There are 2 protein chains.
Amino acid sequence: MFEGLETPRLILDAERLERNAVHMRNRCAELGVTLRPHLKTAKSIDVARIAADGGQGPITVSTLAEAEYFAAAGWRNILYTTAIVPAKLARADRIQRAHGARLLFVVDDRDAATAIGKAAVSLGARFGVLIEVDCGEHRSGVEPASEALVAIADAIHACAPHLELTGVMTHAGHSYAFDEPAPIRALAEVERQAAVASAELLRARGYPCPIVSVGSTPTTLFAEHLSGVTEVRAGIYLFWDLSQLSRGMCAEDDIAVSVLATVIGHQHSGPSLILDAGALALSKDIGANRFMPEAGYGLVCDPVTLERLGSLAVTTVHQEHGAVPVPDESWFARLPIGSMVRILPNHACLTCAAYASYNVLHAGKATEEWPRIGGW
Amino acid sequence: MFEGLETPRLILDAERLERNAVHMRNRCAELGVTLRPHLKTAKSIDVARIAADGGQGPITVSTLAEAEYFAAAGWRNILYTTAIVPAKLARADRIQRAHGARLLFVVDDRDAATAIGKAAVSLGARFGVLIEVDCGEHRSGVEPASEALVAIADAIHACAPHLELTGVMTHAGHSYAFDEPAPIRALAEVERQAAVASAELLRARGYPCPIVSVGSTPTTLFAEHLSGVTEVRAGIYLFWDLSQLSRGMCAEDDIAVSVLATVIGHQHSGPSLILDAGALALSKDIGANRFMPEAGYGLVCDPVTLERLGSLAVTTVHQEHGAVPVPDESWFARLPIGSMVRILPNHACLTCAAYASYNVLHAGKATEEWPRIGGW
């Protein structure tokens, strides 16, 4: 299946990806909201097309490099969710002008809004802006439905038409703290209310606020309803990973990305298999271990079936070496030096970031390669 | 100093780099050994030139991508220290032929040696091979000065001239477990003896074994002598990082790489600064925390002087966001949104891996950009 591929490589199962994409589209249709897929995980035009069922609808990105890449490929409606600062505005403006795209920014501070507005004026540029509200993660965002929120809206409006207040957004990133539906469902409602109440306050003060954006894959899956919300941002659902599996968000056979690696050594002290996939090929993220302590840096699977090999996991990583303890040396005959395995990743966003492309598995063949964008 | 740079960026201080390179060259001259710098950290032609004082002497790499990159730039003597497998030999052969370079491989298994030899024969290729011995880290390598070692030598020799047994190597990676000189000095002697005794046994069996290679930055710094050793592999000394600082291997003002980031938010719940440098820009490595628990994901410094700002550290990372708790909100006036900081990295090898280039700081100016190679 993988003859001729030099490891480590990032393998993407196209059928699983398609199924995951369909499932989330159906879920959003059921909720009556637009899906604005977050492409910080996939960073790929080919994946984005599948996420949007062949279209080029609204998307979410986390870097201006992604914004530029997707704009150049024809996407027009791009929400950049890392708060913008004036020094990055000239590039954002170039991206808009070169490709006819429209970038939406997020802002959570009045002075920052004013500074961005001033920079937009001096560029002669126009940008859409969403105000970020904090629904409890306490990473970023202003208090929902607060006077501080209105003050930011006023600051944005003062820079019209260079800044256009387009709505509100929030992110329930703390939904990852749970591995059962009930608290996630409760959090989805907190997230929804934070966004909707903020939009209602702004409307009461005369700002139309057409976009009401929420998002995290778990809250989207478990929300009872999303009344008042217009769109959902979710991304990891395209690929899934052990962090999501450990929280009960997906099944093991939903995980669409894996790392193809080769056994390059047999360590008799231990004993352990040594793989050519270490800290760079897998990342040092161990987010799955909170609810799945056996996950290590990744679970070791058969390269063809992607079924787990016993309970083998990568437990130690060096830069280019991964060590997989085995119960006994009979495993050395089963997995001789030169044989391949596939590893289910802990956190797909970080694992994928090390690779310049996907080797795409389709109908049992890995003949296609899809590029992805990295950096900033 | 950094006007016009969009963050996050990887900053390399050229003066510190030069000083670190000189220091290690002097140390190796004092020990009477050749320095074969390990370029898995730097992955840069410009840095490699400084490491070798302008020359193109022997180097160490961890991926074939690095081997290809350095061979194309004129390096001829390249040791690839991740154990090779037959499937990677055709590419290695192309690298040798295209650029007139010579690759040295490491092998620690008799059957693997035979398989590699068979592949070399079928390619009509010739490679040098070092046998890796295990001086106690138990990652890879055969028992030093053992009959298993001799059996590998016999297997290599049976494939002459396609494989040429060129010597032995070992790596005391477990030297990172200590933060004081005495146990590292003891380990350096264990490392030395493992390599030298193995070379002596092979010579007694008729194999000349010209290269006796050891290496880790800590053991090189603290070895009492390296009698019988011909070369040392070390890499992190070029840049240093918090992991090395926390172990007493360098001073804080030796650290030559840092991440330039921008304050993109003020979180009042906490309170915290939010930076545009998160898990991808810093990596999730927290290796410094064993001996320096306050290191978090990196220490926050003044962007110009690179002096620490109080005891500020990045304590939480999301994909593109880093959170820095501050003692009180007076820090928000000191570091307004849009201001820059520099972050000393936990583990330079992993942090640098996310970037396609260095912005090089020279005489107080960051005008130059040096590319680096990634992937495999």
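Over all chains the structure holds 34 salt bridges, a salt bridge being a side-chain nitrogen of Lys or Arg within 4 Å of a carboxyl oxygen of Asp or Glu. One of them joins Arg102(A) to Glu164(A), with the closest N and O atoms 2.5 Å apart. Because Arg102(A) lies in strand S5 (residues 102-107) of chain A and Glu164(A) in strand S7 (residues 163-169) of chain A, the pair ties together parts that are 62 residues apart in sequence.

This is a predicted model, in which local features need pLDDT of at least 70 and side-chain atom pairs count only at pLDDT 80 or more, whereas totals for chains, interfaces and linings use all residues. Residues are numbered from 1 along each chain as its sequence is written, chains are lettered from A in the order in which they are written, and side-chain values use heavy atoms, with hydrogens and water left out.

**Relation of the two chains**

- The same surface serves both copies, since 100% of the contact residues of chain B recur in chain A.

**Interface of chain B and chain A**

- Chain B and chain A each bring 48 residues to the contact, where contact means heavy atoms within 4.5 Å.
- About 4,100 Å² is buried between the two chains, with carbon and sulfur atoms giving 58%; buried area is the accessible area (1.4 Å probe) that two parts lose on being put together, summed over both.
- The rule finds six salt bridges across this interface, and Glu6(B) forms a salt bridge with Arg91(A), the closest N and O atoms being 2.9 Å apart.
- There are also 16 residue pairs in polar contact across the interface, both residues at pLDDT 80 or more; a polar contact is a pair of N or O atoms within 3.5 Å, of which, within protein, one must be able to donate a hydrogen and the other to accept it, and residues adjacent in sequence count only if both atoms are side-chain atoms.
- On the side of chain B that touches chain A, at least two residues come from each of helix H4 (89-99), strand S10 (257-267), helix H10 (279-282) and helix H12 (348-352) of chain B, helices (H or I, at least four residues) and strands (E, at least two) being DSSP runs numbered from the N terminus.
- S10(B) gives the largest share of that side, four residues.

**Domains of chain A**

- Chain A is divided into domain 1 (15-239) and domain 2 (250-371), with bounds from an automatic or database domain assignment.
- The centres of the two domains, taken over C-alpha atoms, are 33 Å apart, and the contact takes 21 residues from domain 1 and 18 residues from domain 2.
- The area buried between these domains is about 1,500 Å², of which carbon and sulfur atoms give 54%.
- Glu15(A), Arg16(A) and Phe239(A) supply 39% of the area that domain 1 buries against domain 2, more than any other three residues.
- Two salt bridges are found across the domain interface.
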